[in-house]
Amino acid sequence: MIGPNSNSPDVSISRRRWLGAGGATALAFGAAPLAAAEAPAPPRIEPTTLEPAAALKMLYQGNRRFVAGETIEPHRNLSRLKEIAERQTPFAAFLGCADSRVPIEILFDQGFGDLFVTLIAGNVATSENIGSLEFGTQVLGAKVLFVLGHTNCGAVAATMKRDPVPGQISSLFQFIRPAVRGVRGGVNDAVRENVRLQAQTLAEASPVLADLIRVGKLLVAGGVYDLATGLVTPVPLNGPDDGAGGLG
C-alpha cells in the first residue's frame, strides 16, 4: 500500500461542485416483500472516524470471512438502502476488472454504500477512472484505494498474445503492455505486475490522490483475487511485501 497511517478530518469539499447542476438518477426496485424477521444491520462506521490502515484491515477481514464461508453479509437490505438514500460515505474505493466473476462487494463481504467501485477490463487507470476515484476519495471520504486484479485475466492474456482484435478493445492494451514487458512468467505474473503498476499510476498521476496520500488521509493498496479459491492476495507496491498489499 502507498501512504502513511493517520486519522483524518472530514473532507469539506461540496459534492455539488463535482456533480454540477444535474439531478440524481432515481432507481426503482420491484422487489418482493421482505421477510418479517430481518437481521439487524451492523453499526454504521463513518469513514471520518476510521484510520486508513483500519479500513484496509476491514477489507481483508471481509475477504477471509468470504473464503471461510462465514460471511455476515452486512448492509444488504432495504433499511440500508433507505439509510444511505441521501448520502453515501464508502470507506474504500476500488479500481477493479469488469469481469462477471469478480463481484467486489460480495468477495469482501460488504454491502450497499460500503465500497465505491469503478470497473474496467484489465483494471487499468485511465483518466476517466482516475477522475471517478478522486471523487470517491476526496469528496466521499474513502480511506483506502484498492487496485484489484484477478487470476487468468482475459485483458492481460490478450495483451500478451498481441493478436488483432475488433473494435476498441485494443485501446486498453497500451495500459497493460508495461506490465507484460516487465515479467518473464505467465499471465498471472503479468496480472500481479499490472496491479502494481496501475496502483503506482493512481498514486503518482493524480495530484488529488497524491495529496491525500501525503497528508495521511489515504492508502493505496493492491491485490489479486483468485477465481478458484476466492482469496485476495496482497501485491507489494513499492518493495518487500508487508502482508497488507505493499508499503505504508
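Is Glu 83 buried, partly exposed or exposed? At 44% relative accessibility, Glu 83 counts as partly exposed; buried means under 20% relative accessible area, exposed over 50%, and partly exposed in between (1.4 Å probe, protein chains only). We will come back to this residue and its partner below.

First, a word on the model. This is a predicted model, in which local features need pLDDT of at least 70 and side-chain atom pairs count only at pLDDT 80 or more, while totals for chains, interfaces and linings use all residues. Residues are numbered from 1 along each chain as its sequence is written, and side-chain values use heavy atoms, with hydrogens and water left out.

**The chain as a whole**

The chain contains 9 helices and 5 strands, arranged along the sequence as α-α-α-β-α-β-α-β-α-α-α-α-β-β. Helices (H or I, at least four residues) and strands (E, at least two) are DSSP runs, numbered from the N terminus. Of its 248 residues, 44% count as buried. The accessible surface comes to about 12500 Å², and carbon and sulfur atoms hold 54% of that; these areas come from the Shrake-Rupley method with a 1.4 Å probe, and for residues only the protein chains shown count as cover. Among contacts (heavy atoms within 4.5 Å) between residues at least 6 apart in sequence, 76% join residues at least 24 apart.

**Salt bridges**

A salt bridge here is a side-chain nitrogen of Lys or Arg within 4 Å of a carboxyl oxygen of Asp or Glu. The structure holds 8 salt bridges, and the table shows some of them.

| Salt bridge | N to O distance |
|---|---|
| Arg 65 and Asp 109 | 2.7 Å |
| Glu 83 and Arg 80 | 3.4 Å |
| Asp 99 and Arg 101 | 2.8 Å |

Take Asp 99 and Arg 101 to start with. Asp 99 is buried, with a relative accessible area of 17%, whereas Arg 101 is partly exposed at 44%. Elsewhere, salt bridges with shared partners join Arg 65, Arg 76 and Asp 109 into one network.

Arg 65 sits in helix α2 (residues 52-68) and Asp 109 in the loop between α4 and β2, so the pair ties together parts that are 44 residues apart in sequence. Arg 65 is partly exposed at 21% relative accessibility, while Asp 109 is buried at 0%.

Glu 83 and Arg 80 both belong to helix α3 (residues 78-83), where they are 3 residues apart, about one turn of the helix. Arg 80 is buried, with a relative accessible area of 0%.

**Aromatic pairs**

Rings of Phe, Tyr and Trp (its six-membered ring) pair if their centres lie within 6.5 Å; planes under 30 degrees apart count as stacked, over 60 as edge-to-face and the rest as tilted. The structure holds 5 aromatic pairs. One of them joins Phe 94 and Phe 108, whose ring centres are 5.1 Å apart with planes at 50°, so the pair is tilted. This pair links distant parts of the chain, with Phe 94 in strand β1 (residues 92-96) and Phe 108 in the loop between α4 (104-107) and β2 (115-119), 14 residues apart. Both Phe 94 and Phe 108 are buried.

Phe 116 and Phe 135 form a tilted pair too, at 6.1 Å centre to centre and 50° between the planes. Since Phe 116 lies in strand β2 and Phe 135 in helix α5 (residues 127-139), the pair ties together parts 19 residues apart in sequence. Both Phe 116 and Phe 135 are buried.

Finally, Tyr 60, Phe 94, Phe 108 and Phe 146 form one aromatic cluster.
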